[in-house]
Each structure stands twice: as structure tokens, then as C-alpha cells.
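The sequence and the structure are shown first.

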Amino acid sequence: MTLKLGTIGTNWITKMFAEAAQMTQEYELSAVYSRTVEKGQVFADELDSSAAVFTDLDEFLKSGIQVVYIASPNSLHFKQAQAAIKADVNVIVEKSAFDNPQQYEVIYSLLQMHPSVRLFEGARHLYQPNFMAIEEQIKQMEHISGATLVFEKYSSRFDDYLAGKQPNVLTREFSAGALADLGIYPLYAAIKLFGLPNNQYYFATKLTNGADGRGTAILRYDNFDVTLLFGKGSNSYEHSEILGRRDTIVIDNIAELGKVTYLDGQGQERVISTPVPTNPMVQEAQKFADIMNRPAESRPEYEEMLLLSQQVNLVLTKLRQSAGITFPSDPHTN
């Protein structure tokens, strides 16, 4: 069944997902929500789509769409997802999905009241074949000694911050910062590969507005630690590594997963990755469509994905708390 898709947000990642959705032939872009008709129309035209443009959220959600892709600023995700679930519209929400476990609890309760609705968090790297190759290789390793996962990329908005402005992606008011934006890629990978940590600590380098510009997070497991390095004010070309005893998995970029190499105990290299697709969101879009089109058959897999999203949200919040970073929606700030 072709799914009628609506989008919230007109930025580059929304366009990438809309293009990926079209490539799967499982979706039809039928509605665009934007703050202005002009911006929404430009977005639809760029996709050669005849989608209707809305500036009213309720009208947008009642327009006949079956699934909405939400890529608005993080602080808006919660209310927009709530409205969509209440309208019985499936939700794909970009990471980080929600600010804290209290918000997630409200969303989870709403999902129980609307059992036909599916909610997904857009962790696109987990659905790529190269991530699955990492998972399979880890299963074959006798021992895990630790890991370092890196994603540090200069933000196109950092120049604005240096000029004295307050871009959304670098402010606590919009539930943003390095951890919530880029750190969630290595965090998602770590929890998917190794499960919930016993403890977590975040050492943040804060901006003048109190948001985190970069930082180091440490996840402590029974017999090893995972170190996450991420930031929005510089570029790192350091590879990520997962350490065995003598063997090692080397990943060029934990978010993009361009090349993954396994080195055995003698240092012999074997490339375990395959060429990445032109659009890295195609596998994700396909997976979500499969689950929405086969809700009963796919329920166990869906519930596992939802649980992972909740676990990431929990650890993300604990990391923020350990660094003293608060968002306006956090319970103790109200």
C-alpha cells in the first residue's frame, strides 16, 4: 500500500527523507507543513511534487496523510508528535525525538490509546547494511575490550554563533546542542551494539549560552567502557574503533559508515562494508514502510525499535544531567 506522506520542516534532511521515500516507491508526498506558504511551495516544487501546502497543523494532519515525518527543531517534536498520534497518523520523528523520559512516557501512553499508530525515531545509520555488518562481526569476536565512537563535524550554524547570534541547533531553548544533535549518532550505535550501560558520564565543553558545543561521554559496562567523542565546532577525521583482544573493527565514520574494516589478531585487514547508497535514508524509509504495511507481523520488531528509542532517550537525559545541562521542558526547571 502506498503511504500518503506529510512532512514538517523544509530543511535539507527533510528533503533527503522525502527523496528516499520516493525512491522506495512506498510513499507519496501529499502534504507539506511550513511556517509560510512560500517556503512550503518551494520545498514541494524542488521535489516535483503536487503536495498541498499547509500552515495550520490541525488542517495538515486532517488532510488524509497516513504518516508524518517531523524534522522541526527538537523542542517542537513533542507537541507535534502528540498531535499526530491523536489524529491517528503514524510518526517518523528525527533524533533526538523527545527531551526527556517524562515526555516519552506521555507519548508512550498516547500510543497505547491509539494502537494502530506506529512511532519511529529516525536513526538512519542503524538500518544501513554496514551497521548490520558491524553487529555480525561483533558476534564473532570472543571478547570486547572497549570502543571509541567519534562524530565531530563543524556546523554550518557555528559561524552564526561566533557572530553573536543564537541558532536553534546550538541553544538549550530549542533542546539542542552537540549531544542532542551529533552525539546521538554514536550513542544510538553504542546502545544498539552493547545495550544499556551501568553508568554514564558527560564532560561537556559549554558555549556561552549554556548549551554544549562539544564533549566526551563515557558509558561504563561490566567489563569495558565506550567513549563517545562529538562536537559541532570543529571537524574530526579520527576513525571509530571497537576493540576485541587482539582484533579490532575500524569504522571511518560512525554516522555515515562509508568503510568498515576488520583486523584480525595478526593485523590482517578485511573490508566488511559494502558501497553506501547515494541516499543514506532509503533503507530506513523502506524499513518503516514495511512495518506500517504489516503491523501485526512486524509488531515484535517494532516494539524492539521503540524500546531502543526509549533507552537512548533515558541515557541521553542522564548524560545531560551529569553535565548540568537543562532544557526548559525538564521537570525540575518548571
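Helix α4 supplies the largest share of the lining of the largest pocket, namely 5 residues. The model is a predicted one. The space in this largest pocket amounts to about 1400 Å³. Its lining comprises 42 residues, and those closest to the pocket centre are Asn-11, Trp-12, Ala-71, Pro-73 and Val-169. Two or more lining residues come from each of the elements α1, α4 (74-86) and α8 (178-194). By class, 19 residues of this lining are nonpolar, 12 are polar and 11 are charged.

The second largest pocket has a volume of about 370 Å³. Among its 21 lining residues, Tyr-127, Lys-192, Glu-304, Met-305 and Leu-308 lie nearest the centre. Here the elements that give two or more residues are β6 (119-121), α6 (129-140), α8 and α10 (299-322). Of these, α10 provides the largest share, with 9 residues. The two linings are set out by class below.

Two packed helices are described by the angle between their axes and the distance between the axes. For α1 (residues 12-24) and α9 (residues 282-293), the axes come within 8 Å and cross at roughly 60°. The arrangement of α1 relative to α9 is therefore oblique. The crossing of α1 past α9 is right-handed. On the α1 side, the contact involves Phe-17, Ala-20, Ala-21, Met-23 and Thr-24, which meet Val-282, Glu-284, Ala-285 and Gln-286 of α9. The residues of this contact comprise 6 nonpolar, 2 polar and 1 charged.

Two backbone features remain to be described. Most residues other than glycine have a negative phi, and most peptide bonds are trans. Gln-25 is not a glycine, yet its phi is positive, at about 60°. This residue is placed in the loop between α1 and β2 (27-33). Ser-96 belongs to the loop between β5 (90-93) and α5 (101-113).

Terms used. Residues are numbered from 1 along each chain as its sequence is written. This is a predicted model: local features need pLDDT of at least 70, side-chain atom pairs count only at pLDDT 80 or more; totals for chains, interfaces and linings use all residues. Side-chain values use heavy atoms; hydrogens and water are left out. Axes are lines fitted to C-alpha atoms, for helices over the stretch in contact, and angles run from 0 to 180 degrees between N-to-C directions. Helices (H or I, at least four residues) and strands (E, at least two) are DSSP runs, numbered from the N terminus. Angles under 35 degrees count as roughly parallel, over 145 as roughly antiparallel, 65 to 115 as roughly perpendicular and the rest as oblique. A crossing is left-handed if the near helix is turned anticlockwise from the far one by less than a right angle, and right-handed if clockwise. Contact means heavy atoms within 4.5 Å. Ala, Val, Leu, Ile, Met, Phe, Trp, Tyr, Cys and Pro count as nonpolar, Asp, Glu, Lys and Arg as charged, and the others, Gly among them, as polar. On a 1 Å grid over the protein atoms alone, a cavity is a set of points where a 1.4 Å probe fits but cannot get out, and a pocket is an open set with protein on both sides within 12 Å along at least five of seven lines; lining residues have an atom within 4 Å of a point. Grid points are joined across faces, edges and corners, and a volume is the space filled by probe spheres set on the points.
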